Amino acid sequence: MSFIPYALPLTGEEEIQEVVDTIRSGWLTTGPKTKQFEKDFSAFVGAKFALAVNSATAGLHLGLEALGVGPGDKVITTVHTFTATAEVIRYLGADPIFVDIEGDSFNIDCDAIEEALKQNPEVKVILPVHYAGQAANMTRIMALAKQYNVKVMEDAAHALPTTHNGQMIGTIADITVYSFYANKTITTGEGGMVVTNNEDYVKRISCMRLHGISKDVFDRFTSTKPSWHYQVVAPGFKYNMTDIAASMGIHQLKKANVLQSRRQAIAEKYNNAFSDLPVTTPFITNSSDVHSWHLYVLQLNINELSIDRDEFIRIMADKGIGTSVHYIPLHMHPYWQDNYNLTEGGFPKSSSAFYRIVSLPNYPKMTDEQVERVINTVREILLEHKK
Ligand SMILES: *Cc1c(COP(=O)(O)O)cnc(C)c1O
């Protein structure tokens, strides 16, 4: 029996043809395809501006930089995320304030955000993550930001498309950042997008994503100024997207809603199939919101089982099914633990989730037969090891 990997992208002839067209055109780096992808993306989300970058990590870095975060500042974020969310705070010499998650949705706990805001006047930004593709409580987060006069930047790496109370993620916060890494909801291989309605942020991010040059390369070669003319106004970064990547993005974006429907259909099949097992299926905060279903995170009720999560993953792999864990929380990684004196007891919800969670394959390229095989295998293992 063939192995079912944990994740696989779904790309078609359209992406291939567009990449070939770009290579034949001779314009490989940031150019017309990137401009097109940005225009399409801002229209899709319903935001004024979209700026393509070469990863979400780059986008998060540029976003915080544009918000003026620097040494001595603090940024509130969740421990239940990928390290990129927090590392960008350190790039700028600022410090994260880590808070716990809600026990059901695994999104950042807003009571904990409020507590952190009360105790830390140095906070400049709240940085929520829409875990698995389900929106964090943006209504409450935006109200807290207003009350305490801080900015909000969303890590929307999982959240395309995702809505909160009928509003598209990308239209609520000051800045929103998406990822197009190979296993994300849409992909350009590597890539990201920064979305905002604020023109000042756009100016700063456009400049800083390309060496702190005051005009980007594309404009340099199309403007009426001589093509060799440019000015460096800051020590910027090299974070621009290539037209090769954007060529994929243009066609992936067109499929974003179809890809979401397929992931949702698989998630619904899993939910139904697992309802009688010693597990907790993903918690839905608001059934009328769009959940991107980037991740399908199953919780094992380990007290009712004779195996632990790690053993479950081993048996799944033996039976030919790849899984993953989202996440090993940041307070369990040496760098964050040691530098910020973090303990498992300080984040009880995230810590307890860690020992129970496993992410199952949930991607549009899966066939119905593969979905059935995942279901049957999970059922077989859990029924065999039920106490
Ligand atoms: C994937 C991911 C990132 C980083 O995205 P890149 O495009 O690989 O830089 C950041 N945050 C979260 C929550 C992610 O899942």
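Me: How do you know where the ligand sits in this predicted model?
Reply: The ligand sits in the largest pocket. The test asks for more than half of its atoms within 2 Å of the grid points. The ligand passes, so the word "sits" applies.

Me: What makes up the shell around the ligand?
Reply: The shell has 7 nonpolar, 7 polar and 2 charged residues. Of the 16 residues around the ligand, Thr 57, Asp 155, His 158, Ser 179 and Lys 184 come nearest. Each of the 16 is counted because a heavy atom lies within 4 Å of the ligand. Helix H3 (56–66) and helix H4 (83–91) each supply at least two residues of this shell.

Me: How much of the ligand's accessible area does the protein cover?
Reply: On its own, the ligand has 390 Å² of accessible area. The protein covers 92% of that.

Me: What makes up the largest pocket?
Reply: About 570 Å³ of space lies in it. The lining has 29 residues, and Phe 82, Thr 83, Ala 84, Lys 184 and Tyr 327 are the closest to the pocket's centre. A residue counts as lining because it has an atom within 4 Å of a grid point. By class, the lining divides into 12 nonpolar, 13 polar and 4 charged residues.

Me: Which helix gives the most to the lining of the largest pocket?
Reply: H4, with 4 residues. H3 and H4 each supply at least two residues of this lining.

Me: How do you know that the peptide bond from Leu 160 to Pro 161 is cis?
Reply: Here omega is near -10°. Pro 161 has its place in the loop between strand S5 (151–155) and strand S6 (163–164).

Me: What makes phi of His 211 worth a remark?
Reply: Phi is near 65°, a positive value, and the residue is not glycine. His 211 lies in the loop between helix H7 (199–208) and helix H8 (217–222).

Me: Why is a space called a cavity rather than a pocket?
Reply: A 1.4 Å probe fits in a cavity but cannot get out, whereas a pocket is open. A search of the whole structure finds 3 cavities of 30 Å³ or more. About 210 Å³ of space lies in the largest cavity. Its lining has 20 residues, with Leu 8, Asn 183, Lys 184, Tyr 363 and Pro 364 closest to the centre. The lining divides into 12 nonpolar, 6 polar and 2 charged residues.

Methods: Residues numbered from 1 in each chain as written. Predicted model: local features only at pLDDT ≥ 70, side-chain atom pairs only at ≥ 80, totals over all residues. Heavy atoms only, no water. Areas by Shrake-Rupley, 256 points an atom, 1.4 Å probe, with all protein chains shown as cover. 1 Å grid on protein atoms, 1.4 Å probe; cavity = no way out; pocket = protein on both sides within 12 Å on 5 of 7 lines; lining within 4 Å. Nonpolar A, V, L, I, M, F, W, Y, C, P; charged D, E, K, R; others polar. Points joined across faces, edges and corners; volume = space filled by probe spheres on them.
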